[in-house]
Amino acid sequence: MKLHSDSKRSMYREMLRIRMVQERIEAEYLEDRMRTPVHLCVGQEAIAVGVCSALRKDDYISSNHRGHGHYLAKGGDLKAMMAELHCKSTGCAKGYGGSMHLVDTSVGNMGHSAIVGGGIPIGTGQAFASKMLGQDRVSVVFFGDGAADEGTFYESVNFAMLKKLPVIYILENNGWAVCSPTASRQLGENVFLKGADPELLHAESVDGNDLELVHEKATAAVERARAGLGPSLIECKTYRILGHAGCKAQDAKGYRNEQEVDKWAERCPLQSYEDKLIAGNALEQSDIDRMRSEIALELEEAFKFAIESPLPTEEDLHKYLFCE
């Protein structure tokens with residue numbers, strides 16, 4: 001699949017935007033204005049952008065606690081996201097959810113789940129709804145290798161195969177579930193990709209730091225889903241450069257080798273793609289400088305909006321509740 005230079009630049013810009021948003025959050029987190037746990041996705045941007053750029057605006061996504069990149073790549077409002085991280089009433093979840101409960105239904109983001117594996121059956125259900133309603137909307141489920149240990153993953157995939165649902169499971173294998181390495185929890189290489197009939201579940205493992213490869217595989221999976229050929233599972237191998245939660249200074253010490261972190265940092269998906277585009281004459285330093293300036297201005301406006309927005313009121317506590 002050959003991408004036009006404009007598409008390449010657009011995807012690079014989106015990765016850069018996600019990276020700059022994460023870096024700004026990380027830099028300001030200890031100031032304690034963001035009263036919510038944050039799980040940053042530095043190093044994993046190619047997956048969010050590669051997959052979401054293959055989707056339509058009305059396609060569904062279901063995400064997890066590390067979902068800033070998914071929210072932004074699918075078109076979520078940055079000001080509403082920043083307000084949510086500051087627990088303000090103008091936030092995308094009205095200040096009730098914080099970082100782990102981002103939502104923007106106008107672009108098919110029906111809400112993230114903080115429960116490990118919690119978004120998997122939700123995203124599967126969205127695909128089931130699409131099929132029952134006779135729509136061709138595709139549902140993408142983002143989850144980590146820790147969630148691959150959960151029984152709900154296997155139950156959901158089995159149901160998706162049974163009903164030939166238009167769902168794509170994106171496993172972001174970043175090597176760690178909090179402080180637990182994948183090897184301590186899963187025996188064998190890609191154990192969760194084996195055993196399924198390829199006619200029932202298309203499954204493959206790819207380099208999650210290769211933006212164009214992720215986009216190519218996601219595009220093919222979307223086409224299969226829209227054609228009624230059932231679910232796909234794509235494992236994207238990547239790495240979590242920062243800690244599990246909070247900023248770098250708050251990460252637990254000693255559970256992983258710093259040389260491992262440095263090795264993966266050298267494979268930064270953003271820098272790698274930047275180098276590739278410059279070498280191919282699809283991007284110039286002046287383009288990068290302009291993009292950075294534009295994004296920095298957007299970030300200033302978003303943080304200003306968040307800081308100046310009002311907190312929820314006492315009366316707001318009684319809204320959006322369900323009771324019998």
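1. A residue is called buried when its relative accessible area is under 20%, exposed when it is over 50%, and partly exposed in between. Phe159, at 29% relative accessibility, therefore counts as partly exposed in this predicted model. Phe128 belongs to the partly exposed class as well, with a relative accessible area of 28%.

2. Six aromatic pairs are found when the whole structure is searched. One of them joins Phe128 and Phe159 in an edge-to-face arrangement, with 5.1 Å from centre to centre and 90 degrees between the planes. Phe128 lies in helix H5 (residues 119-132) and Phe159 in helix H6 (residues 151-163), so this pair links distant parts of the chain, 31 residues apart.

3. Phe153 and Tyr169 also form an edge-to-face pair, because their ring centres are 6.4 Å apart and their planes stand at 80 degrees. Phe153 is in helix H6 and Tyr169 in strand S4 (residues 167-173), so parts 16 residues apart in sequence are tied together. Phe153 is buried at 2% relative accessible area, and Tyr169 is buried at 0%. Together with Phe143 and Tyr154, these two residues form one aromatic cluster.

4. Charged side chains also meet aromatic rings. Arg24 lies over the face of Phe303, 4.4 Å from the ring centre. The charged end of Arg137 sits over the ring of Tyr60, at 4.0 Å from its centre.

5. Pro269 lies in helix H9 (residues 269-279) and is buried, at 2% relative accessibility. Leaving aside residues up to four places away in sequence, Pro269 touches Met15, Arg19, Gly43, Glu45, Ala46 and Asn209.

Technical notes: Residues are numbered from 1 along each chain as its sequence is written. This is a predicted model: local features need pLDDT of at least 70, side-chain atom pairs count only at pLDDT 80 or more; totals for chains, interfaces and linings use all residues. Side-chain values use heavy atoms; hydrogens and water are left out. Helices (H or I, at least four residues) and strands (E, at least two) are DSSP runs, numbered from the N terminus. Buried means under 20% relative accessible area, exposed over 50%, partly exposed in between (1.4 Å probe, protein chains only). Contact means heavy atoms within 4.5 Å. Rings of Phe, Tyr and Trp (its six-membered ring) pair if their centres lie within 6.5 Å; planes under 30 degrees apart count as stacked, over 60 as edge-to-face and the rest as tilted. A charge sits over a ring if NZ of Lys or CZ of Arg is within 6 Å of the ring centre and within 35 degrees of the ring normal.
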